[in-house]
Amino acid sequence: MGVDGSHEAKTTYREAMREALRQALRSDERVFLMGEDVGRYGGCFGVSLGLLEEFGPERVRDTPLSESAFVGAGIGAALAGMRPVVEIMTVNFSLLALDQILNNAATLLHMSGGQLPVPLVIRMTTGAGRQLAAQHSHSLEGWYAHIPGIRVLAPATLEDARHMLAPALADPDPVLIFEHGSLYNVSGELLEPTAPVDLEHAAIRRPGTDISLITYGGSLPKALAAADELAAEGISAEVIDLRTLRPLDAEAITASVARTHRAVVIDEAWRTGSLAAEVSARIAEESFYELDAPVERVCSAEVPMPYARRLEEAALPQPADIVAAAHRAVN
Amino acid sequence: MPSLGADMDEGTLLEWLVGPGDLVHKGDPVAVVETAKSTIEVECFATGTMNELLVEPGTTVPVGTPLAVIGPAEERRPVSRAPKKGKPSASTEPSASTEPPSPPPEPAPGPAPALSAARQRGHIEAGPLVRHLAEHSGVDLEALHGTGPGGRVTRTDVEAAVAARAAPRPRVRASPFARRLAAELGVDLATVTGTGRESAVRAADVRRAAPGPAAPTAPAPTGAAPVRPSPQRPPAAARPSEDRAAAMRRAIAGLMTRANRDIPHYYLSTSVDLAAAMDWLHEHNRQSPVGERLLPAALLLKAAALAAREVPELNGFWIDDHFTAGEGIHLGVAVSLRGGGLVAPALHHADTLALPQLMNSLKDLVARARTGMLRGTEVSEATITVTNLGDQGVETVLGVIHPPQVALVGFGRVVDRPCAVDGLLGVRPVVTATLSADHRATDGAVGARYLTAVSRLLQNPEQL
């Protein structure tokens with residue numbers, strides 16, 4: 001996998017992420033990567049493959065299986081002036097570190113009167129769709145987006161996978177990056193960004209006039225597929241990629257709904273109390289007089305994720321569900 | 001924006017007849033408003049100084065929108081005690097005073113009879129509890145008809161007013177965007193067929209219903225000068241005249257649909273011998289200069305008004321499941337318009353007008369109705385309506401009641417008929433008088449009493 005970046009015709013989300021880590025490790029000696037199996041194994045999802053060999057065990061560190069301990073260590077290192085990138089294998093295990101994230105990383109700057117910033121980046125895989133059953137299929141990024149004091153990112157494209165890490169490391173606040181497991185093998189041509197990649201704005205992945213499909217992360221390809229299907233019927237769907245889940249780019253949502261007057265929010269999390277609920281509420285608050293139809297939501301079935309393939313497919317949002325929701329809103 | 005008829009939802013302010021700082025008196029025409037039906041002079045409901053004009057000429061606003069702020073007159077008269085007003089705050093804090101004394105509730109003619117002589121003197125009988133309740137719920141005591149002893153406004157009256165305001169016509173299911181669009185395009189949502197879920201009106205439905213190219217009704221601010229000093233009409237044809245006709249048709253359609261749906265009509269009819277009346281009329285006209293001659297219609301209207309005095313059960317309004325007697329007899333006169341459609345402006349206190357006076361008022365009213373120059377109180381205050389289709393050649397008219405009134409009197413053509421009179425056969429001029437009445441408010445016996453009274457009154461034309 002010779003990843004030289006610049007002239008490689010095709011690259012994957014995984015490689016783009018790795019290249020981002022490589023660039024970060026090269027350009028700032030305060031940056032180091034730690035987590036379970038990130039070194040010798042190359043990362044649970046192969047993101048850090050080869051980095052141990054290139055940067056050595058001081059900067060690519062395998063940790064014991066204790067999320068609370070190594071996230072806490074990352075917070076300590078950040079407080080001490082380092083720029084740690086902590087990889088938690090998946091969001092499912094991040095709950096063991098939730099206390100560190102919620103009670104320490106997110107609060108210390110504010111409890112110290114601004115004296116103790118925690119410039120920490122935590123990466124983790126999220127989402128279902130790979131038959132990993134109820135304990136390993138969560139989409140809990142919405143929970144983290146609930147927490148003030150941190151920034152929550154959901155890169156859904158090769159460009160964002162490649163270019164969001166650097167501004168995340170430069171951010172003085174703790175930044176959580178959620179990488180959807182279904183995206184790692186997505187491949188395509190990685191375009192050099194025409195403008196600096198920011199962590200503030202949602203992106204219009206496809207412009208449209210009849211309905212806004214608002215989504216993020218692993219649901220973006222599904223929304224784009226649904227938009228293709230809708231286009232074939234003559235319904236022009238605008239696809240909004242939120243990119244940053246906290247703080248939400250409310251203006252982009254409002255502007256899109258002002259164009260289309262209808263919205264479907266797609267979120268792989270459970271519907272109740274979800275990020276989709278938050279986006280829907282924002283639309284009701286900010287765009288009530290623009291709405292020509294009730295906001296539709298496409299979320300996962302409210303069940304522990306089934307193992308069986310067909311059941312899992314049925315429980316997760318699918319392009320057909322998005323198309324059906326769009327039909328309800330448009331017709 | 002006052003409600004100038006039960007069918008009015010919005011109006012276009014055409015012209016201000018006063019400017020900021022002008023002293024205005026209660027009853028003064030202050031603005032010209034165009035409704036779907038006609039152009040109407042709005043009379044001021046209070047005396048004071050016009051502090052601020054809030055609405056630009058040419059703007060269409062919903063009923064209830066404040067048009068201007070009236071402050072107290074410069075010289076504060078000692079008699080204007082604060083508690084007189086329904087909204088004490090309006091008087092005690094002049095800067096906070098606002099235009100219409102709470103938008104009139106849907107059954108618009110409700111507040112109309114409140115302008116009785118007693119009310120014009122400005123004294124309202126209401127206890128402190130009622131006053132408090134009215135203030136708390138934003139009800140203008142002045143606009144209420146008191147049903148308590150001596151016209152006292154009771155707690156029930158206030159609660160009824162609140163209920164009336166809270167229960168407008170059934171809300172149209174429409175998306176928020178469609179609602180906004182309808183307001184911008186001047187589309188009445190009630191006339192739009194919804195194609196959305198559960199027949200909700202969607203933006204596309206509104207666009208389909210919008211007349212012509214999608215243009216906001218409010219013209220660009222540059223289009224109309226802020227104040228027009230001359231009484232010259234600003235282009236009333238800001239909307240094309242056929243739009244206006246269509247809008248009037250829709251307004252009439254809405255009102256008549258409501259009348260036919262809500263009012264259980266009963267109909268009575270009688271032939272009235274007009275021999276005495278016609279003889280008297282001919283004699284009178286023979287002795288009068290051309291300009292003072294009377295038409296048979298004047299006699300019929302006068303008789304209808306006097307009969308309403310005798311049978312007050314037919315003179316008033318059915319609102320909120322009870323009958324409210326009209327204060328005074330304001331005879332609505334159905335006037336068909338040349339461009340199509342009709343209006344029924346009121347001849348105020350028709351029962352008290354001498355025939356020549358009534359004739360003049362009638363001529364004036366018809367002329368102004370046809371040129372679209374009616375006043376607000378004329379279009380909203382009729383207590384009973386008369387339609388006379390005699391000049392159109394028909395003999396009998398069975399009309400639809402103008403809600404919330406409870407009776408409509410019809411007269412046909414005066415025709416010569418063979419009649420048995422005093423045991424002999426004679427040819428007499430006869431008119432068919434009909435009554436359409438609201439069976440919720442009255443029964444046939446009352447209606448019969450009314451038509452009998454009309455007939456009797458017409459036998460003694462010199463007493464009319």
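A297(B), A298(B), L301(B) and K302(B) of helix 9 meet L355(B), L358(B), M359(B) and L362(B) of helix 10, two residues being in contact if their C-beta atoms, placed from the backbone, lie within 7 Å. The residues of this contact comprise seven nonpolar, no polar and one charged, with Ala, Val, Leu, Ile, Met, Phe, Trp, Tyr, Cys and Pro counted as nonpolar, Asp, Glu, Lys and Arg as charged, and the others, Gly among them, as polar.

Residues are numbered from 1 along each chain as its sequence is written, while chains are lettered from A and ligands numbered from 1 in the order in which they are written. Because the model is predicted, local features need pLDDT of at least 70 and side-chain atom pairs count only at pLDDT 80 or more, whereas totals for chains, interfaces and linings use all residues.

Chain B holds 12 helices and 19 strands, helices (H or I, at least four residues) and strands (E, at least two) being DSSP runs numbered from the N terminus. Of the 464 residues in chain B, 44% are buried; a residue is buried if 20 or more other C-beta atoms lie within 10 Å of its own, exposed if 12 or fewer, and partly exposed in between, with C-beta atoms placed from the backbone.

The buried residues of helix 10 of chain B are L358(B), M359(B), L362(B), L365(B), R368(B) and A369(B), and they pack against elements of chain B including helix 9, strand 11 (331-333) and strand 15 (374-375). Just after helix 10 of chain B, G372(B) takes a positive phi of about 70°.

Helix 12 (residues 444-458) of chain B has 15 residues and reaches 21 Å from its first C-alpha to its last, close to the 21 Å expected at 1.5 Å a residue, the expected span being 1.5 Å times one less than the number of residues. Within helix 12 of chain B, G447(B), Y450(B), L451(B), V454(B), L457(B) and L458(B) are buried. Seen down the axis of helix 12 of chain B, these buried residues fall within an arc of 125°, so they line one face of the helix, the arc being that of the directions from the helix axis to the C-beta atoms. Their cover includes strand 8 (265-273), helix 8 (275-286), helix 9 and strand 19 (424-438) of chain B.

Between the chains, eight residues of chain B are in contact with seven residues of chain A. Helix 5 (residues 176-185) of chain B gives the most to the side of chain B that touches chain A, with four residues, and by class that side has four nonpolar, two polar and two charged residues.

In chain A, the buried residues of helix 5 (residues 98-105) are Q100(A), I101(A), N104(A) and A105(A). They cover an arc of only 110° around the axis, which puts them on the same side of helix 5 of chain A.
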